[in-house]
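Hi,

Here's the structure I promised to pass on.

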Amino acid sequence: MQWNKLISKQRIGKEKSNYIDKDRSEFQRDFDRIIFSSAFRRLQDKTQVFPLSRSDYVRTRLTHSLETSSVGRSLGNMVGSRLVKKYDDLDLIPSEPGTVVATACLAHDIGNPPFGHSGEDVIRDWFQSSEIGTELCSMVDKGQQADFIWFEGNAQGLRNILALQRPYSKGGMQLTCATLAAFTKYPYISGHIENKTKFGIFASEADIYAEIAGHLGLIELEDKKWARHPFAYLVEAADDICYHVIDIEDGHRLDLISFDELRRIFLDVLDNKPDIISRVDCIPGKKEQVEYLRACTINALVESCSDIFFEHEQEILAGRFNSSLTEEIAKAEEFSRLKKIAIEKVYNSTEVIETESAAYEVLWKILDFLGQIVIEIHNKGELGAKCRKSVKLLPELYAPSPDASVYQNIQKIVDYVSGMTDTFAVRTFNKISGISLLRR
C-alpha cells in the first residue's frame, strides 16, 4: 500500500468538487460532520461500562469517545510528523493524520447498541435462539444471516455513517475514504468470515466498502477481506489505551479498586520512574494523584505505540501485521495486567452484572415486539390488529414495510434497536409491557 493513496481525500458518494474551504481541511470537515450527527449525540446516554450509573463522574460512550479522540489525535500527530520527515514526496500536512485518527476515534462507538457490549450479546443471542429471531434468519440467505447472528457494533457503526445518517444520499455522511478506512477496525464482510470472527462490514455495505478500498489501494487479502488501513491501528491503540486506563480510574472512583492497587499498576506501566514517583508524592490529594498518574500512563503508552507503528511500518503497509500496537510495546505485559484487573474488578462487578441482566430482558422484549411485525408482513401478507398499531410507533426510516425485502426489514428493526439510548430502551420496554400505564 502507498501512503499517497492511503491519505485520499476522495469523498464517497460525491464527485470531486472544486470547492475549497479555506478555514477547514477535508479531514476537519469529516470531524465536524461526526460531531453534529444525531448518532454521535445519542452516545451521551449509552453505556461505557456502568449501565445507567448513579454516579455523574462515570464515563458514558460520549465521554469515552471524546477522550479516545483526544488520545488518537496525539498519536496521529506523532505519526504524521514522522511520516513527513521520512518521505519527501508525501503530499501531507503533519497534523492531517491526527485529524483523521481523531475523527475515526470520535465515531468508533457510533454503532454500539444500548447497554454496552451486553447489548451486542442480546442481539446475537436473540437471532440465534429466540423463536421469532430464528424464524427471521431462516427467511434470508446465509450471507445475510451472518449480519444478525454475529451482530457487530463495529459494522453497525459503518452502516450508520454510510447509510443511516443522511439516508437519501449515496455514502450517507459522505466522509473521506481515508477517514472511513481508519474507522474500519475489521475490514471484513460478515458472510465471508468464520463464525465468531469479528467483522466490520455488513453485506449491505459490501459494495461501497470495495469502492473505498479501491480509492485507497487497500490490499484484498482474500475475497471480501482487506488489509487494514494503517491508521486503523492507531485508532485501535487509542481505544485500547482509553478503555483500560480510564476504566481503571472509574473503577477506583466507585471503590472497586483501591488507591494503592491503582497506583501500583500505573507505576508498573511507567517503569516506576523515580521522577514520576517523587512528583506524585508531592501532590496533596489522592484524586489529583490518580489524575496525574493516568495522564502520565496515557502519554507513555501513546509514545510507545508510535514507536511500534514505525518499527512495523513495512509489515503494516504489506498487510502482514496481525497484532495490535499495544501488544507489541515494551510494557505489553504490564498493560495486559492492567486489562486483566479491569476485567476482574470493573467489568464483572455486581453493579455491571445486575444491570446487564436486566438489559437482556429489556432488549429481548423489544426485539420480539418488532420482529413479529416483520414476520406478519412476509409470512401472513398483512398485519394483525396489534402489529398495525405497533408499526405506527416507529419512525418512517425504521418501519418495516411490504415494499422492502425481508433482509431490509430485519435491518430496519436492528437499526432502530441499536440506535436506542439506554434510557429510551427502558422507556420503550415500559410502554410495550404496559408498565408505564401503571405510573400515570
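A quick word on naming: helices here are DSSP runs of H or I with at least four residues, numbered from the N terminus. Also keep in mind that this is a predicted model.

I'd start with H12, which covers residues 230-253. Asp255 comes after H12 and has a positive phi, near 65°. The helix length checks out: 24 residues at 1.5 Å each should span 34 Å, and the end C-alpha atoms of H12 sit 35 Å apart, which agrees. H12 is also mostly covered, with 23 of its 24 residues buried.

So what packs against it?

H5 (residues 96-107) meets H12 at an angle of about 55°, and their axes are 9 Å apart. The crossing of H5 over H12 is right-handed. On the H5 side the contact uses Pro97, Val100, Val101, Ala104 and Cys105, and H12 brings Phe231, Leu234, Val235 and Ala238. By class that contact has 9 nonpolar residues, with no polar and no charged ones.

H4 (residues 61-86) packs on H12 at about 135°, with the axes 8 Å apart. That angle makes H4 oblique to H12 as well, and H4 also passes H12 in a right-handed crossing. Residues of H4 in the contact include Arg61, His64, Glu67 and Leu83, while those of H12 include Phe231, Leu234, Asp239 and Ile246. The class count for H4 with H12 is 11 nonpolar, 4 polar and 3 charged.

Leaving out residues up to four places away in sequence, Pro400 touches Ile373, Val374, Ile377, Val391, Leu394, Asn409, Lys412 and Ile413. One of these, Lys412, is 12 residues from Pro400 in sequence and 6.5 Å away in space, C-alpha to C-alpha.

Last one: H22 (residues 422-433). Its 12 residues should span 16 Å at 1.5 Å a residue, and the end C-alpha atoms are 17 Å apart, which agrees. Buried in H22 are Asp422, Ala425, Thr428, Phe429 and Asn430. Gly434 follows H22, with a positive phi near 85°.

Cheers

Conventions
Residues are numbered from 1 along each chain as its sequence is written. This is a predicted model: local features need pLDDT of at least 70, side-chain atom pairs count only at pLDDT 80 or more; totals for chains, interfaces and linings use all residues. Side-chain values use heavy atoms; hydrogens and water are left out. Helices (H or I, at least four residues) and strands (E, at least two) are DSSP runs, numbered from the N terminus. The expected span of a helix is 1.5 Å times one less than its number of residues. Buried means under 20% relative accessible area, exposed over 50%, partly exposed in between (1.4 Å probe, protein chains only). Axes are lines fitted to C-alpha atoms, for helices over the stretch in contact, and angles run from 0 to 180 degrees between N-to-C directions. A crossing is left-handed if the near helix is turned anticlockwise from the far one by less than a right angle, and right-handed if clockwise. Contact means heavy atoms within 4.5 Å. Ala, Val, Leu, Ile, Met, Phe, Trp, Tyr, Cys and Pro count as nonpolar, Asp, Glu, Lys and Arg as charged, and the others, Gly among them, as polar. Angles under 35 degrees count as roughly parallel, over 145 as roughly antiparallel, 65 to 115 as roughly perpendicular and the rest as oblique.
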